[in-house]
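Subject: Structure for your review

Dear colleague,

Please find the structure below. My notes on what was found in it follow.

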Amino acid sequence: MTTGVDLNDIKRRMDGAINAFKNDIASLRTGRASANVLDPVVVEAYGSRVPLNQVANVTVPEPRMLGVSIWDKSMVGAVDRAIREANLGLNPIVDGQNLRIPLPELNEERRKSLVKVAHDYAEKAKVAIRHVRRDGMDGLKKAEKDGTIGQDDSRSQSERVQKMTDETIVEVDRLLVEKEKEIMQV
């Protein structure tokens, strides 16, 4: 049995980069309402900054409307302020302990800027994947240098790491194209 690098660990770390990318693009607003739009919102609560989902429930009562049910009545102002300051282009309407957030139509310019953001997220994911690849390759070079793995084994594992990298980057590109279509759809 040869050693070298743990290919399962490399695969797990690359999958982690894909999952982080999926979460990032899920928070991008398209024409339809999605509770994920408010994921980046952080609320000043009880002396610390916490994610919105720790002080309220987010629902999608209508295709172009979000609902936020705040658990503690004293937090309504802080949640309203946090949503407005998150630069999402949303203006909540306070209704007692709830907020109604109408989603405005996306204009062409806003759609294009969201596509740019999606591309930035994709590039960030690809960089993370390449870092995992580099770690794997460095591990293989070190194992070969230390004599714990032969040159042939090192080469075959390097090829497997490269193949995993290529497949993962293709998956990022596929997800990006899908999201781009969704954003540009009127």
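Axes are lines fitted to C-alpha atoms, for helices over the stretch in contact, and angles run from 0 to 180 degrees between N-to-C directions. Helices are DSSP runs (H or I, at least four residues) numbered from the N terminus. This is a predicted model, in which local features need pLDDT of at least 70 and side-chain atom pairs count only at pLDDT 80 or more, while totals for chains, interfaces and linings use all residues. Residues are numbered from 1 along each chain as its sequence is written, and side-chain values use heavy atoms, with hydrogens and water left out.

Helix α1 (residues 7-26) packs against α4 at an angle of about 10°, their axes being 11 Å apart. The two helices are therefore roughly parallel (angles under 35 degrees; over 145 counts as roughly antiparallel). On the α1 side, the residues in contact (heavy atoms within 4.5 Å) include Leu7, Ile10, Met14 and Phe21, and those of α4 include Val161, Met164 and Leu175. By class, this contact has 12 nonpolar, 3 polar and 5 charged residues. Here Ala, Val, Leu, Ile, Met, Phe, Trp, Tyr, Cys and Pro count as nonpolar, Asp, Glu, Lys and Arg as charged, and the others, Gly among them, as polar.

Helix α4 (residues 151-184) also meets helix α3 (residues 108-146): their axes come within 10 Å and cross at roughly 170°. Helix α3 is therefore roughly antiparallel to α4. The contact of α3 with α4 has 14 nonpolar, 8 polar and 9 charged residues.

Yours sincerely

Note on methods: Angles under 35 degrees count as roughly parallel, over 145 as roughly antiparallel, 65 to 115 as roughly perpendicular and the rest as oblique.
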